[in-house]
Amino acid sequence: MLVYGIKVYLVNGDWGYVCNNGRGGFDMTKDEGSILCFQTLDEARDFYYRHIRNATVNGVAVDRNRTACVNVRY
């Protein structure tokens, strides 16, 4: 099955996939098995605009120019 995930780049060059942090929020991981998956591209985009676009991870801002939705085989 093809689903969508979000690959986040930070302004310091670090990157990771959006994953669930277990507390109702999100975190980043490089483990492809932990990616937070969305059934449609619209769902992934909506999550990005509501939660990630203006976020920081450990005090480092998200790089809006490089962050993207990606296809994930599930």
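Predicted model: local features only at pLDDT ≥ 70, side-chain atom pairs only at ≥ 80, totals over all residues.
The face of helix α1 turned away from its buried side carries the exposed residues Asp42, Tyr49 and Arg50.

In α1, the residues Ala44, Phe47, Tyr48 and Ile52 are buried. They share one side of α1, because they cover an arc of only 105° around the axis. What do these buried residues pack against? Their neighbours are the strands β1, β2, β3 and β6.

Step back to the whole chain. The protein chain has one helix and six strands. Along the sequence the pattern reads β-β-β-α-β-β-β. The radius of gyration is 11 Å, close to the 11 Å that the globule rule gives for 74 residues, so the chain is as compact as a globular protein of that length. Its C-alpha atoms fill a box of roughly 35 × 20 × 20 Å along the principal axes. Of the 74 residues, 36% are buried. Take the contacts between residues at least 6 apart in sequence: 57% of them join residues at least 24 apart.

Now turn to the sheet. Four strands form an open sheet in the order β3-β2-β1-β6, with antiparallel pairing. Which strands stand at the edges? They are β3, residues 26-29, and β6, residues 68-73. Each has a single partner strand, so one side of each is left without a neighbour in the sheet. From one strand to the next, the twist averages 45°.

Helix α1, residues 41-52, packs on this sheet. The helix touches β1 (2-9), β2, β3 and β6. Its direction makes about 25° with that of β1.

Follow the sheet strand by strand, starting with β1. This strand is mostly covered, with six of its eight residues buried. β1 pairs with β2 in the antiparallel sense over three bridges. Within that pairing, tyrosine 9 has tryptophan 15 in β2 as its bridge partner. The two strands form a hairpin with five residues between them. In the turn, glycine 13 has a positive phi of about 95°.

Next comes β2, residues 15-20. Four bridges join β2 to β3, and these two strands run antiparallel. Asparagine 20 has its bridge partner in β3: phenylalanine 26. Here too there is a hairpin, with five residues between the strands. Glycine 22 in this hairpin takes a positive phi near 80°.

The other neighbour of β1 is β6. β1 and β6 pair in the antiparallel sense over six bridges. In this pairing, isoleucine 6 stands opposite cysteine 69 in β6. Side chains have a general rule in such places. In a regular strand they alternate between the two faces of the sheet.

Alanine 44 sits in helix α1. Is alanine 44 buried or exposed? Its relative accessible area is 0%, so alanine 44 counts as buried. Leaving out residues up to four places away in sequence, alanine 44 touches Tyr4, Ile6, Phe38 and Cys69. Take Cys69 as an example of how the chain folds back. Alanine 44 and cysteine 69 are 25 residues apart in sequence, yet 6.8 Å apart in space, C-alpha to C-alpha.

The cysteines make a last stop. How many disulfides does the structure hold? The count is zero. Cysteine 19 is in no disulfide, and the nearest cysteine sulfur, that of cysteine 37, is 11 Å away. Cysteine 19 counts as buried, at 8% relative accessibility. Cysteine 37 is partly exposed, with a relative accessible area of 31%.

Terms used:
Residues numbered from 1 in each chain as written. Heavy atoms only, no water. Disulfide = S-S within 2.5 Å. Buried < 20%, exposed > 50% of the residue type's maximum accessible area, 1.4 Å probe, protein only. Pairing = 2+ DSSP bridges. Axes fitted to C-alpha atoms, helices over the stretch in contact; angles between N-to-C directions. Contact = heavy atoms within 4.5 Å. Arc of directions from axis to C-beta. Rg over C-alpha atoms; globule rule 2.2 N^0.38 Å.
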